[in-house]
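Please read this briefing beside the sequence and the 3D view. It goes through the chain topic by topic.

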Amino acid sequence: MADIQGSYDELFSAVPDALAELLDGGDAGGSVAVFVDGEPVVDVWGGFADAERTVPWQRDTIANVWSVTKTMTALCALVLADRGELDLDAPVGRYWPEFGAAGKEKVLVRHLLAHTAGLPDWDGPIEDLYDWPSATARLAALAPQWEPGSAAGYHSLTQGFLVGEVIRRISGRSVGEFFAREVAAPLGADFHIGLPAEHDHRVAPSVPPPGRDEDYAAGAPAATAPPGATTIRVRDGNGVAWRRAQIPAASGFGNARSVALVQSVMACGGALRGRRLLSPAGCDRAKEEQFQGVDRLLGMPVRYGLGYGLFGGALGWGGWGGSIVMIEPDDRMAVAYVTAQMREPADDQRGLQIVMSAYEGLQGLQASR
């Protein structure tokens with residue numbers, strides 16, 4: 001069995017066992033963390049941080065978590081809403097006047113968070129993703145593809161710029177700066193949106209699925225997408241420009257410990273380790289259902305809250321390549337799995353496997369109390 005490093009409560013032994021099974025099954029490396037009541041009951045890692053399997057995955061190894069980043073950006077917006085600085089029911093144009101054009105006058109802030117704004121596709125050069133003013137100006141000029149609020153279509157890249165620009169207009173800081181100061185620093189969380197060069201040596205690059213190379217790309221654009229719609233390749237995500245840029249829907253770097261720590265804020269009613277980031281009501285906002293039905297781009301049934309997917313009483317989201325976070329507010333638990341090893345999405349049940357192993361431990365914990 002693969003060598004698993006770190007620590008865990010014996011009641012949660014199924015979690016490191018699940019990680020070991022994934023590594024034995026061919027994955028290069030990864031980390032898993034489970035927090036209950038804001039404290040770690042599992043903090044483990046194993047395997048390798050490179051495709052050649054020469055660099056061991058360390059306690060402080062970090063990886064691109066892709067769309068798990070959306071939950072971090074959403075948390076920033078919820079903090080501003082909780083402070084009364086952001087009205088989720090306001091038109092986006094109130095905060096970002098240039099946005100209120102081309103039929104977007106009725107796009108509300110909550111539409112951005114719920115993938116219902118009608119602006120799901122990035123149709124510019126990939127280089128423009130690395131240039132915040134260019135990216136946001138491009139989105140401000142677009143017309144929505146559907147009546148805002150009437151349907152959902154996953155805003156895989158665009159959501160971060162849309163929500164992030166609202167955050168910037170209100171706070172005067174980029175989403176990466178806001179997150180660093182208002183969320184990561186108070187919690188001591190090793191998560192970054194816009195990765196400084198000093199952390200490069202800790203990064204585990206994304207490893208394509210078996211049989212694929214670095215030209216492996218995210219899903220093809222939907223049939224409704226404009227002709228120039230851009231796909232993202234593994235080599236893009238592994239590039240220095242991607243790391244340095246703030247792409248708040250997809251370019252966050254962290255490990256399972258930092259992801260679970262941050263999202264424990266949502267699991268614990270807004271307060272963690274003596275710091276209150278949100279009121280309980282502010283946390284509950286995330287669970288307000290905004291859409292239920294088939295997502296136009298994903299082609300599958302979804303339930304969207306405000307910045308999070310809803311799964312029964314739980315909320316969370318996963319990223320391209322397999323990383324995931326799941327939050328169970330009723331049990332004050334947050335589970336995170338961060339991996340650099342990609343698998344084909346249709347065959348990837350790793351996140352579910354990790355989450356279910358955490359629930360097994362939770363049942364044992366409840367029975368012991």
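Where is the place of His115? His115 is found in the loop between α3 (109-113) and α4 (132-140). Helices (H or I, at least four residues) and strands (E, at least two) are DSSP runs, numbered from the N terminus.

This is a predicted model, in which local features need pLDDT of at least 70 and side-chain atom pairs count only at pLDDT 80 or more, while totals for chains, interfaces and linings use all residues. Residues are numbered from 1 along each chain as its sequence is written, and side-chain values use heavy atoms, with hydrogens and water left out.

**Loop residues with positive phi**

- His115 has a phi near 60°, a positive value in a residue other than glycine.
- His115 counts as buried because its relative accessibility is 4%. Buried means under 20% relative accessible area, exposed over 50%, and partly exposed in between (1.4 Å probe, protein chains only).
- Arg273 is not a glycine either, yet its phi is positive at about 50°.
- The loop that holds Arg273 runs between β7 (271-272) and β8 (275-276).
- Arg273 counts as partly exposed, because its relative accessibility is 44%.

- Strand β11 (residues 309-311) runs antiparallel to β12, and three bridges join them. Two strands pair if DSSP finds at least two bridges between them.
- Phe311 has Ala314 in β12 as its bridge partner.
- The hairpin of β11 and β12 has two residues between the strands, and Gly312 takes a positive phi near 65° there.
- Strand β12 (residues 314-318) is largely enclosed by the rest of the structure, because four of its five residues are buried.
- On to the next strand: β12 is joined to strand β13 (residues 324-328) by four bridges, and the two run antiparallel.
- Trp317 has Val325 in β13 as its bridge partner.
- Five residues lie between β12 and β13 in their hairpin, and Gly321 in the turn has a positive phi of about 100°.

**Strand β14 and its neighbours**

- β13 and β14 pair in the antiparallel sense over five bridges.
- Met326 stands opposite Val335 in β14.
- The hairpin of β13 and β14 has four residues between the strands, and Arg332 in the turn has a positive phi of about 55°.
- Strand β2 (residues 29-36) also pairs with β14, in the antiparallel sense, over seven bridges.
- Val32 has Tyr337 in β14 as its bridge partner.
- How many of the seven residues of strand β14 (residues 333-339) are buried? Seven of the seven are, so β14 is largely enclosed by the rest of the structure.
- In a regular strand the side chains alternate between the two faces of the sheet.
- In β14, Met333, Val335, Tyr337 and Thr339 point one way, Ala334, Ala336 and Val338 point the other way, and all are buried.

**A three-strand sheet**

- Three strands form an open sheet in the order β4-β6-β5, with antiparallel pairing.
- β4 (63-64) and β5 (192-193) stand at the edges, and each has a single partner strand, so one side of each is left without a neighbour in the sheet.
- Two bridges pair β4 with strand β6 (residues 252-254) in the antiparallel sense.
- Asn64 has Phe253 in β6 as its bridge partner.

**Cysteines**

- The structure holds zero disulfides, a disulfide being a pair of cysteine sulfur atoms within 2.5 Å.
- Cys76 is in no disulfide, and the nearest cysteine sulfur, that of Cys283, is 14 Å away.
- Cys76 counts as buried because its relative accessibility is 0%.
- Cys268 is in no disulfide, and the nearest cysteine sulfur, that of Cys283, is 8.8 Å away.
- Cys268 is buried too, because its relative accessible area is 6%.

**Aromatic rings and charges**

- A search of the whole structure finds 10 aromatic pairs. Rings of Phe, Tyr and Trp (its six-membered ring) pair if their centres lie within 6.5 Å; planes under 30 degrees apart count as stacked, over 60 as edge-to-face and the rest as tilted.
- Trp66, Tyr216, Trp242 and Trp320 are linked into a cluster by ring pairs.
- Lys104 lies over the face of Phe99, at 4.8 Å from the ring centre. A charge sits over a ring if NZ of Lys or CZ of Arg is within 6 Å of the ring centre and within 35 degrees of the ring normal.
- Arg138 has its charged end over the ring of Trp122, 5.7 Å from the centre.
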